[in-house]
Amino acid sequence: MAQTTGAEVASGDLGAVPDEAGIARRPRRRWVRRAERYLPILLLLPSVIAIGVFVYGFIVWTGWVSVSNWTSFVRDLSFAGFDAYTRLFSDFRFLSGLRNVIVFTVLFVGVSVVIGLVLAMLLDRDPWGAPIWRNLFLFPLAISFVVTGVVWQWLFNPRAGVNLLLERLGVETLPMWYVSTEIIPGWRWGQIEVAIPVALVAVVVAAVWQMSGFAMAIYLAGLQGISEDLREAARVDGASESQIYRRVILPMLLPMTITIVIVLGHISLKTFDLIFVMTGPGTGYVTDVPAVYMYESTFRANQFARGAAISVVLLVLVVALMAPAVWARNRTEEAASE
Amino acid sequence: MNKALARIPLYAFLVLVALFALVPLYVMVITSFKPPAEALISRMWELPSSLSFSAWERGFSILRPYLINSFALAIPATLLSSLLGSINGYIFSMWRFKGSEIVFNALLLGMFIPYQIVLIPLVQTLNAMGLFNTIPGLVLTHVIYGIPITTLIFRNFYARIPMEIIEAGQIDGAGLLGIYRRIALPLSLPGFVVVGIWQFTQIWNEFLWAVTITSAGQRPVMVALQNISGSQIVEFDLQMAAALQAALPTLIIYVLLGRYFVRGLLAGAVKG
């Protein structure tokens, strides 16, 4: 197979080059060879420059804006020091958003991992119609967070959707969902209550609806990689089915769990569209997140320094999530290859 | 028989999750076909008494220009970023050079940044280029920030082509471009399908770039949909019909080519 393909290419190539070019073959070939040494780098150059400027250059640029005096419509890039940051960390709205996005991330990623794992283990047992179930659980991934937000906004509207069903079931005090300003008591930290705002629950449900299929898909791929021989061997050794899951399969799924935490975690920390569409910042900022505050600071209030500072904090949050996760993944990969 | 009984909890759980997955779709579909008089939120769960296309027509007349914008954005952006990813992936898998792994990882990191961190410079740069509030400006943005994922998927794809084929091509005198054109590219169709579907879906569904870079008539459909839903005076049935229409292109792709969509999903998540 490999041989024939190579031969076909060769005949085509030899036919085209010397005849059409009409130049002595050897010198040209040597020139071409020399140029080709740099060709890979040359072809990558546009992408490398684009990412270099639009990712790395822009990060530095935003970093500079965050310490500048740019706080009005007029651009002022003179150095202001770290005022924007010190102000942020005594800003009720920012601190609320920070708390919300961390609570949201823990709940959303946690619930998605559990649902995804359970679904994957059930589908791995090859129930009737397995592909149909799988496709059903995955389709929300093809839908925009904007659409998700629009629909779930109505489903959790206190006068509609879920509450109509609860009413019919005889529930008397209907939940206020994302309109609720209640915060499950935690402890106070400066101006804000470190706790779970009830309003976030509705947003978590919508996000889980959209993304838990992703966790399932990753776990399913992981489960398919665990050979039947291994399970059979464990069975021969007298392990029960639940022991096989606990001792053999779950530990082998650890790299998948790390992947899911990285991907869903970083999506969750920068959450913007779902909140923007479904709830907005909410009364008392119970559903605000830094990404929404960043957008409104920058493009509605012209507080560019503040907007830039918020996005630097977001970047730090994502790095803080990813660095240990990537480190753990590399370790498990090394352990697996040994 | 016993074995079948033992499976009841399994199916019960699957049915439960399936209902959860279908609820938003159910509400969208039935509401969008209700006669306006029945489209009340208090009757949200009830099936329509007769089929009406009123909401579909009203929704479409509003969304039409924005749907066109979204196609004008997503199609060229998908094609360009797939092509770029294919060339990058080809080089990173088959023409490695000293330091190419470092360059590859540096490109890949671009995938995980929260895009807020580049938003202010991006708006400034597009403005300076005269591309702010234009579809080409959005295309450029999506092509550039799509480089990491498309490169990754194509690199993993080309890594599966046996090196012998490439070596045979080299022995026969074909160069980097010749091998790309005659060997790699013809084998790339599945790779292009996976990357194309992935990019189209992401670009179609994207909101942050769209809402910051464009306004008024240049808006893609997701921003238009958000405007409709944010307005208190827009009827519930129209909102549901518009949401469904905005979701339909990617849903259709998922139904027809879901297998490739899932491959993109896995390829994007698992570093090869």
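Predicted model: local features only at pLDDT ≥ 70, side-chain atom pairs only at ≥ 80, totals over all residues.

The buried residues of H6(B) are B:Ile135, B:Gly137, B:Leu138, B:Val139, B:Leu140, B:Thr141, B:His142, B:Val143, B:Ile144 and B:Tyr145.

Let me turn to helix H5 of chain B, which covers residues 116–128. Its 13 residues should span 18 Å, because each residue is taken at 1.5 Å, and the end C-alpha atoms are 19 Å apart, which agrees. Where does H5(B) bend? The bend, of about 30°, is at B:Leu122. B:Leu122 is also among the buried residues of H5(B), as are B:Gln116, B:Ile117, B:Val118, B:Leu119, B:Ile120, B:Pro121, B:Thr125 and B:Leu126. After H5(B) comes B:Gly130, which has a positive phi, near 75°.

I close with chain A. Its domain assignment gives domain 1, residues 20–66, and domain 2, residues 84–337. The C-alpha centres of domain 1 and domain 2 of chain A are 40 Å apart. Which residues make up the contact, by number from each side? Domain 1 of chain A contributes four residues, and domain 2 of chain A contributes seven residues. On the side of domain 1 of chain A that touches domain 2 of chain A, one residue is nonpolar, three are polar and none is charged.

How values were computed. Residues numbered from 1 in each chain as written. Chains lettered and ligands numbered in written order. Helix = DSSP H or I, 4+ residues; strand = E, 2+ residues; numbered from the N terminus. Expected span 1.5 Å × (residues − 1). Bend = angle between axes of the 7 residues up to and from the residue. Buried ≥ 20, exposed ≤ 12 C-beta atoms within 10 Å, placed from the backbone. Domains from an automatic or database assignment. Contact = placed C-beta atoms within 7 Å. Nonpolar A, V, L, I, M, F, W, Y, C, P; charged D, E, K, R; others polar.
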